[in-house]
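Here is a short report on one protein chain. Look at the overall fold first, then at one helix and a few charged pairs.

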Amino acid sequence: MQKTVFLVCLFHFFSFSQTVNKEKIAQSIDNYYQFERENIHLHLNKTVFLSNETIWFKGYIYDKKTNSLNIGTTNVYVSLYNSKRKELSNNLFFASNGTIDGQINLPKELESGMYYLHVYTNFMNNFEEDESTYQEIEIIVPKQINATKSYDKNNVTVSINYEGGNLITDCDNNVVVKISDCLNKGIKIENIKVLDEKQNVITTFSTNKLGYGKFILPKVKDEIYSIVSNNNFINFSEKLKKPSSDNFNLLLEGIIGDSYTLEIRANPNTLKKYENEELFLLIQKDRATRFITFKIQKNVISKFTLDKKNFFEGVNILRLIDKNLNQISERIIYKKENSTNAVSIISHTKTNDSIKIIGKLNNLNSQLSISALPFSTSKSIYSNSILKTLAFDNYLTNKINPELLNSKTTSADFDLFLISNTSKYNWQSILNIIPNIKYEFETGIDLTIRLNNSNSSKATKQLKIFSTNGISETTTMNPDSDFVFKNILALDSISIHYNFPKKPDLANKTTILHTLKKNKSKFNKLNTIDLVSNCELSYSDNSNDYDYNNSEIKTTELKNVEVVQNVKQKLLYTNFPSTRSAQAYKITEVVSDTYKDVLSFIASHQYDVIRDSIGNTVIVTRNKRSFLGNRYPIVLLDNGRIYNINDLVNFRLINVDEIYINNRGAGMGQEGMNGVISIFTKKQPTFNPLPETKNSNFFYITNGFKNVLPFVTSEKLSNQSEAVFKEYGTLDFTRTIQSNTNGIFEYQIPLNNQKKIILNVQGIDDKGQLYNQDIELEIK
């Protein structure tokens, strides 16, 4: 008869001996995690978008080594993929102090379906594991807003897992089954049978609404068992793996108070074979590890009662290691003690069609963003959780079902997910591989300039570059006849001026060739993209209850409403012939800080700004439309025609009030076929000239860091029916909560006739605690 011995561990270190093996384990873990392991989460304004909308986001870069924001990261790539793993876009964003602000414009020609944002850095390519992030979104064509999604209901996945990882003969085994459809949604099924080889029913079990079910397989024999469902709508038969006669399982017996009880389970023959042999129990999270060393006793089941203090906050990987340093069992335990909210709402007051919210940060040293959404019971508010990305998905082989993050989830249901999982960090890799840094940690963009002139002199051996966004550097020609500027903040479409300090007037007589590096790094593990959905979805074009083009929507014009980071100011110049039916842009302080000069703004909005064959600056449309054979739009400055675009070189955007772009040129005749650009300056301009531009030349950056724009509500959605906006609209998206020294902040947003809203607050504090808080507010 087997006996049970309890080993109580009240301190973080429990060891009977110091061995060479233990030192080998410690050194291997230290080597494997010696470099930064950064993971990135994008807090999106929402997760379902209409085609041709804009995705707004705040990114958080988490370093597993320090359990904090990785303030050293600057170059972050965000790609958009469709469900067939085809890359549709790739943009480079500049990160600062561990966060990223950004937006992605969706092409209007996209089909309805599931899409994926892939976020990575070049440095992530150094590791065997995929440290990048894949976040699933849905994009819907407007005419399919209320479409019925159809897919193969018989496309079912059945996964079978064993607590501890093994199925062992001659002892009881805990088995967890997950059944899900091709959208990875769990399927609830009753009366699933467990059969032996002779088709005898051993036991039955059911799965919950998340698709998880558990059963105990008693005194396992050396035969192949199976599970069978003869449900009316789900039929399957799946075999369990062949049992092992020589193995261990690490089980979580239970949680009592502040302690975990763990059991090392094996059959009598295995206990006899390993008698007096030393095993290691590792409690690991990243580089941090704690050891328990013990010896197997004949006919004795080892149980450990461990204080929670022995475990780390978040995902803990428990590994059972034999004397040859092979992993023989694994168990995941999640410890969550800190459960404070990110913010507390003090008051919320409705004024006309806006709401003023006063709140308090519970930790002044926290980085937080807020998405304000209409409340809808059909929306999933967990699929974009920072906890999903950084606390679970970037540690485990199987991604967590977002619904498990619901506060109503029972600990038993949550543990079924943990039993069904393993660490994405393979033990043999940790033991035998020392990461080698082949891919650099990119910081900014490298700019190489080569003179296009064949002749050079001492005066052209030194080159200076400068720009409106603060670039000002000078370097000397290297032996390869290149000027190399390292790690510069080169924004897309910005103009870079250059001259020769020893003879500035030569710049206008000299043309250059320039190349950029560290702005197009690719991810080398794209074949590992783990798509959540495996379905071929189809969306019907049926008529629906939503009126997407409702022209009878009543709107309220708001006056003197202060909206944090989202002030929609009144346009002043909409009634001129050149501005009617044009796309209007109010040049706020945020916009002027982003683009700096007029030509950079135009180059990011439907037109290209280039140098022609004789060195003049010209604006050209991206599609030739004029019968005159050219591609030049009409450009107006305060309603006066500009014929020489050189006059706009270095024209600071801070001096501009509004810009109107009519790419059809309506009302301007044949000459306006390539469009009309109308620029209106401020009545009292703020002059802040860039020095040295008179004796300089310039060029434009392409494929640099993407410019960051302030959030604006989609015009297509803001004017639609209340039902449409409730499902697909965003009231406001604020990337950073600004508070006073006491943590008090004010937040004012438009309501758009909503009776109930939800604030999704996400972020991280200086202690590494992750926050995902949903606040429901009734509007009275």
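The text below moves from the whole chain to single residues.

**Whole chain**

This is a predicted model. The protein chain has 780 residues, and 54% of them count as buried. Its secondary structure comprises 47 strands and nine helices. Take the contacts between residues at least 6 apart in sequence: 71% of these join residues at least 24 apart. The accessible surface is about 35,900 Å². Carbon and sulfur atoms account for 46% of that surface.

**Helix α4**

Helix α4 spans residues 411–419. Its buried residues are Phe 414, Asp 415, Leu 416, Phe 417, Leu 418 and Ile 419.

**Salt bridges**

How many salt bridges does a search of the whole structure find? The count is 29. Three of them are set out here.

| Pair | N to O distance |
|---|---|
| Lys 46 and Glu 53 | 2.9 Å |
| Glu 776 and Lys 756 | 3.2 Å |
| Glu 778 and Lys 756 | 3.8 Å |

Start with Lys 46 and Glu 53, whose side chains meet in a salt bridge. The cut-off for buried is under 20% relative accessible area.

Now turn to Lys 756, which forms a salt bridge with Glu 776. This pair links distant parts of the chain: Glu 776 sits in strand β47 (residues 770–778) and Lys 756 in strand β46 (residues 756–765), 20 residues apart. Glu 776 is partly exposed, at 44% relative accessibility. Lys 756 is partly exposed too, at 22%.

Lys 756 also meets the side chain of Glu 778 in a salt bridge. Glu 778 lies in β47 and Lys 756 in β46, so this pair ties together parts that are 22 residues apart in sequence. At 43% relative accessibility, Glu 778 counts as partly exposed.

Salt bridges with shared partners also build one network elsewhere in the list of residues: Arg 37, Lys 64, Glu 129, Glu 131 and Lys 424 are joined in this way.

Terms used: Residues are numbered from 1 along each chain as its sequence is written. This is a predicted model: local features need pLDDT of at least 70, side-chain atom pairs count only at pLDDT 80 or more; totals for chains, interfaces and linings use all residues. Side-chain values use heavy atoms; hydrogens and water are left out. Helices (H or I, at least four residues) and strands (E, at least two) are DSSP runs, numbered from the N terminus. Buried means under 20% relative accessible area, exposed over 50%, partly exposed in between (1.4 Å probe, protein chains only). Contact means heavy atoms within 4.5 Å. Accessible areas come from the Shrake-Rupley method with a 1.4 Å probe; for residues, only the protein chains shown count as cover. A salt bridge is a side-chain nitrogen of Lys or Arg within 4 Å of a carboxyl oxygen of Asp or Glu.
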